[in-house]
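Trainee: I would like to go through this model step by step. Please start with the terms.

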Amino acid sequence: MHGEYKVPGGKLVVVDLDVADGVLRHVRVAGDFFLEPDEALEAINGALDGAPADTDAAGLAARVDAALPEGTVMYGLTSEGLGVAVRRALAQATNWTDYDWQLVHEGPQSPALHMALDEVLTQEVAAGRRPPTLRVWEWASPSVIIGSFQSLSNEVDPDGAARHGVDVVRRVSGGGAMFVEPGNTITYSLSVPDALVQGLSFQDSYAYLDDWVLGALADMGIKAWYQPLNDIATDAGKIAGAAQKRVVAPEGGTGAVLHHVTMSYDIDADKMLEVLRIGKEKMSDKGTRSAKKRVDPLRRQTGLPREAVIDRMIGSFRGRYGLTAGGVTDAERARAAELVRTKFTNPEWTARVP
């Protein structure tokens with residue numbers, strides 16, 4: 001069995017192993033990490049060899065920690081990352097480069113249609129009828145996107161939303177409310193087979209699916225990192241938030257994960273505060289007194305036009321994993337249009353948590 005895992009902010013860990021009588025055998029760890037002293041590698045292999053095959057990643061990490069020689073230094077490698085790589089080998093997880101990725105980047109569309117396309121395209125990936133897809137959004141109008149489980153009345157000021165012509169839509173994933181405006185927001189979705197995140201915890205899957213964009217930001221001179229559970233942050237402040245939805249496999253399919261991210265290219269903070277109700281508890285949780293200080297736009301950090309930031313992000317993804325231009329099929333578009341009518345513009349869905 002073969003497993004690979006890119007440690008967030010670190011290096012690639014590769015594990016090859018066998019399983020016999022319910023325990024790990026012939027464990028061989030490799031990768032482009034740095035490790036001192038040399039004998040630490042054999043200590044790691046020995047610690048993992050003989051472990052029960054149902055040991056979770058934390059348990060495997062504990063075995064590694066207990067076996068490391070005194071003074072061991074790991075750079076780009078963690079014991080937790082080793083545990084995850086083993087679990088991915090046991091789960092027969094796939095890797096990014098195992099797939100032919102498709103790019104969908106169309107013209108401006110309504111917020112409700114974006115919600116519907118996320119649902120439809122991820123269902124198509126789950127059914128095996130669509131390749132893994134990176135979809136970059138363009139917004140036709142300003143909107144507040146609330147999480148699947150958020151209270152509409154607690155999150156949105158209806159008078160402020162009406163005054164500024166802001167639509168309110170509810171997405172299928174959890175997480176917090178996002179204030180978006182055309183030209184000020186960069187949003188993308190990844191619709192991926194469930195096999196890509198096999199062996200990862202829910203939290204680890206966020207870091208794993210965000211890793212490519214951290215590299216893209218680094219290429220633009222931004223030192224960014226994944227901040228659990230679902231933020232991308234810099235020294236200057238948060239720049240993005242992610243959310244996920246798992247889609248169960250239909251008969252004959254494999255299941256899929258929707259992972260979408262909204263990034264602030266620029267922001268009208270005064271308008272945002274008139275539309276969103278941002279509580280004191282949320283402010284204290286983020287360690288700041290002002291919502292204006294919570295988000296630091298990409299425009300200021302990169303000095304690049306929004307279109308250039310998007311082009312560089314797409315180019316970074318293509319360089320890492322390959323990416324072919326594609327589009328939404330007529331059948332997918334028809335299903336999305338029906339979901340707009342029956343679900344995403346239906347008050348029963350938008351106010352399902354009043």
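Mentor: Buried means under 20% relative accessible area, exposed means over 50%, and partly exposed lies in between, with a 1.4 Å probe and protein chains only. This is a predicted model, in which local features need pLDDT of at least 70 and side-chain atom pairs count only at pLDDT 80 or more, while totals for chains, interfaces and linings use all residues. Residues are numbered from 1 along each chain as its sequence is written, and side-chain values use heavy atoms, with hydrogens and water left out.

Trainee: What percentage of the 354 residues in the protein chain is buried?

Mentor: The cut-off is under 20% relative accessible area. Of the 354 residues in the protein chain, the buried share is 52%.

Trainee: What radius of gyration does the protein chain have?

Mentor: The radius of gyration is taken over C-alpha atoms, and the globule rule is 2.2 Å times the number of residues to the power 0.38. For 354 residues a compact globule would come near 20 Å, and the protein chain agrees with this at 22 Å.

Trainee: How many helices and strands does the protein chain have?

Mentor: Helices (H or I, at least four residues) and strands (E, at least two) are DSSP runs, numbered from the N terminus. In the protein chain this gives 13 helices and 16 strands.

Trainee: Which strands stand at the edges of the open sheet of 8 strands?

Mentor: Two strands pair if DSSP finds at least two bridges between them. The order is β12-β13-β14-β15-β11-β7-β6-β16, with mixed pairing. One side of each edge strand is left without a neighbour in the sheet because each has a single partner strand; these are β12 (225-227) and β16 (324-325).

Trainee: How many bridges pair β11 and β15, and how many pair β14 and β15?

Mentor: Both pairings are antiparallel. In them, Pro193 stands opposite Ala256 in β15, and Ala242 stands opposite Val261 in β15. The count is 9 bridges for β11 and β15, and for β14 and β15 it is 8 bridges.

Trainee: How many residues of β15 are buried?

Mentor: Both faces of β15 are covered. One side has Ala256, Leu258, His260, Thr262 and Ser264, and the other has Val257, His259, Val261 and Met263, all buried. The count for β15 is 9 of its 9 residues.

Trainee: What angle does helix α11 make with β11?

Mentor: Axes are lines fitted to C-alpha atoms, for helices over the stretch in contact, and angles run from 0 to 180 degrees between N-to-C directions. Contact means heavy atoms within 4.5 Å. Helix α11 (residues 306-321) packs on the sheet and touches β6, β7, β11 and β15. Its direction makes with that of β11 an angle of about 20°.

Trainee: Which strands of the open sheet of 3 strands are the edge strands?

Mentor: This sheet has the order β9-β8-β10, again with mixed pairing. Each edge strand pairs on one side only, and the two are β9 (167-170) and β10 (178-180).

Trainee: Which residue in β9 is the bridge partner of Ile145?

Mentor: Strand β8 (residues 143-146) runs parallel to β9, joined by 4 bridges. The partner of Ile145 in β9 is Val169.

Trainee: Where does the cis peptide bond from Glu36 to Pro37 lead?

Mentor: Omega of this bond is near -5°. Pro37 lies in the loop between β4 and α1.

Trainee: Is His26 buried or exposed?

Mentor: His26 lies in strand β3, and its phi is near 55°, a positive value in a residue other than glycine. Because its relative accessibility is 51%, His26 counts as exposed.
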